[in-house]
Amino acid sequence: MKNYDAIIIGSGAAGMAAAIAAKQKTPGFKLAVLEKMDRPGLKVAASGNGRCNITNTSCPDYLGTMKFFQSIGIMTRDDGRGWIYPYNEEAKSVVSVLKETMKKQGTELFCGKRVRAISQIAKQVSSKGKPNNEFEIEVDGDYEKYRANKVLLSTGGKSGPKLGTTGDGFVMARSLGHRIRTLVPSLTTIETHEDVRYLAGVRAKARITLYFEGIPVAAEDGEVQFTEKGISGICVYNLTRYMTELPLDSYGVRIDFLPEVWNIEGLLMDRESLMGKEDMLLTMVKRPLRKLIENEAGGDLHVIANLVKEFPLSVKNLGGWRQAQVTRGGVDLSQVSHETQESAIVSGLFIAGEVLDYDGPCGGFNLNNAWQTGIRAGRAMATR
């Protein structure tokens with residue numbers, strides 16, 4: 001039996017931040033981290049296409065996140081949009097610093113330890129007179145058990161399963177009495193009813209609007225990327241956060257390939273007289289799109305204008321967990337303290353990161369939430 005003051009389950013962004021913050025608060029705190037993969041921080045290392053978008057200047061308490069990273073020696077830079085990256089834009093180097101900091105602080109990291117069960121084995125009263133549970137943790141294929149007065153559940157969500165996030169934490173939280181909000185892939189691709197395989201690989205700067213039963217729901221500007229099954233890109237990912245109703249067939253998108261131009265028909269008439277009908281879309285849209293629009297319109301200038309400004313696609317499905325960046329749904333936030341991340345259901349149990357019911361837009365919001373909830377949990381565990 002191995003005994004600790006606290007055990008952290010999962011060494012992703014929230015788990016590593018919690019471990020470091022706990023030791024910064026109370027250096028003598030006896031702490032272990034159990035990670036089911038062969039090394040920590042796999043999803044962090046893959047984040048931001050390998051660049052690690054740490055936070056965003058629009059995030060709540062982003063300055064607190066910046067201060068935390070400065071305290072462990074990570075330099076950052078703003079890309080000009082408020083998106084904050086490590087200065088060298090190498091996500092793996094962020095993981096290296098986090099891992100080395102944990103090691104220097106004396107935190108014990110055990111990899112290849114998939115937690116099978118968490119049990120409450122006894123109740124104690126802390127020196128402050130508050131009741132605490134004692135927990136016993138069982139690990140697959142390991143005859144040794146782990147005990148601690150406090151446990152942090154920071155196992156991540158279900159998005160990116162090849163990186164280890166396969167929904168284990170939701171099962172554990174539910175077994176301990178927590179309500180789990182419906183789990184849905186978020187920040188993911190859109191699959192369309194239309195066959196767009198011949199456009200796969202085409203990228204276009206545009207404004208894309210999401211409609212539900214013909215009513216506009218949200219709009220995003222950015223680069224739309226056509227795939228074998230539909231569309232992708234940051235602007236598309238962000239729109240999937242608004243797709244909360246079923247059936248998904250009730251949604252559609254319209255793409256404006258020339259959002260800066262209002263009088264598109266007038267512009268096309270001018271270009272037709274200058275360049276001829278067959279060339280008037282040159283330099284306006286990419287060649288595969290131009291050919292498609294011309295074929296669909298059959299030479300009708302009004303139809304061409306509509307397709308350039310409101311290119312319609314109907315939603316068939318969302319990309320699955322492999323394509324999703326984050327998980328929508330999770331542990332009900334009303335059952336967790338925002339100040340400490342401690343469960344309102346089980347004393348001594350803390351919950352942080354993507355296992356919680358939070359999903360933000362692209363641009364560092366989800367990582368910021370993981371860092372912040374981890375930091376709060378770590379500090380609270382070390383001071384209670």
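Start just after helix α2, where Cys 52 takes a positive phi of about 65 degrees. Helices here are DSSP runs of H or I with at least four residues, strands are runs of E with at least two, and both are numbered from the N terminus. Before you click on, know that this is a predicted model: local features need pLDDT of at least 70, side-chain atom pairs count only at pLDDT 80 or more, and totals for chains, interfaces and linings use all residues. Residues are numbered from 1 along each chain as its sequence is written, and side-chain values use heavy atoms, with hydrogens and water left out.

Stay on Cys 52 for a moment. This residue sits in the loop between α2 and β3 (55-56), and its positive phi belongs to a residue other than glycine. Is Cys 52 buried or exposed? Cys 52 is buried, with a relative accessible area of 0%. (Buried means under 20% relative accessible area, exposed over 50%, and partly exposed in between, using a 1.4 Å probe and protein chains only.)

Now step back into α2 itself. Select Leu 42, Val 44, Ala 45 and Ser 47, which are buried. Their cover includes α1, α4 and α10.

Next, pick residues 91-105, and you have helix α4. Its 15 residues reach 22 Å from the first C-alpha to the last, close to the 21 Å expected at 1.5 Å a residue; the expected span is 1.5 Å times one less than the number of residues. Colour Ala 91, Val 94, Val 95, Leu 98, Thr 101 and Met 102: these are buried. They cover an arc of only 130 degrees around the axis, which puts them on the same side of α4. That arc is taken from the directions from the helix axis to the C-beta atoms.

What do the buried residues of α4 pack against? Show α1 (13-25), β2 (31-35), α2 (42-50), α3 (62-71), β5 (83-86) and α10 (365-383). Contact here means heavy atoms within 4.5 Å. Just after α4, click Gly 106, which takes a positive phi of about 95 degrees.

Now hop to Pro 60, in the loop between β3 and α3. At 61% relative accessibility, Pro 60 counts as exposed.

Thr 283 lies between α7 (264-275) and α8 (287-297). Its phi is near 70 degrees, a positive value in a residue other than glycine, and at 76% relative accessibility Thr 283 counts as exposed. Then go to Pro 247, in the loop between α6 (234-240) and β15 (251-256). The peptide bond from Leu 246 to Pro 247 is cis, with omega near 0 degrees.

Finally, zoom out to the whole protein chain. How many helices and strands does it have? There are 10 helices and 18 strands. The C-alpha atoms fill a box of roughly 85 × 40 × 35 Å along the principal axes. Of the 384 residues, 52% count as buried. And of the contacts with a separation of 6 or more, 71% come from residues 24 or more positions apart.
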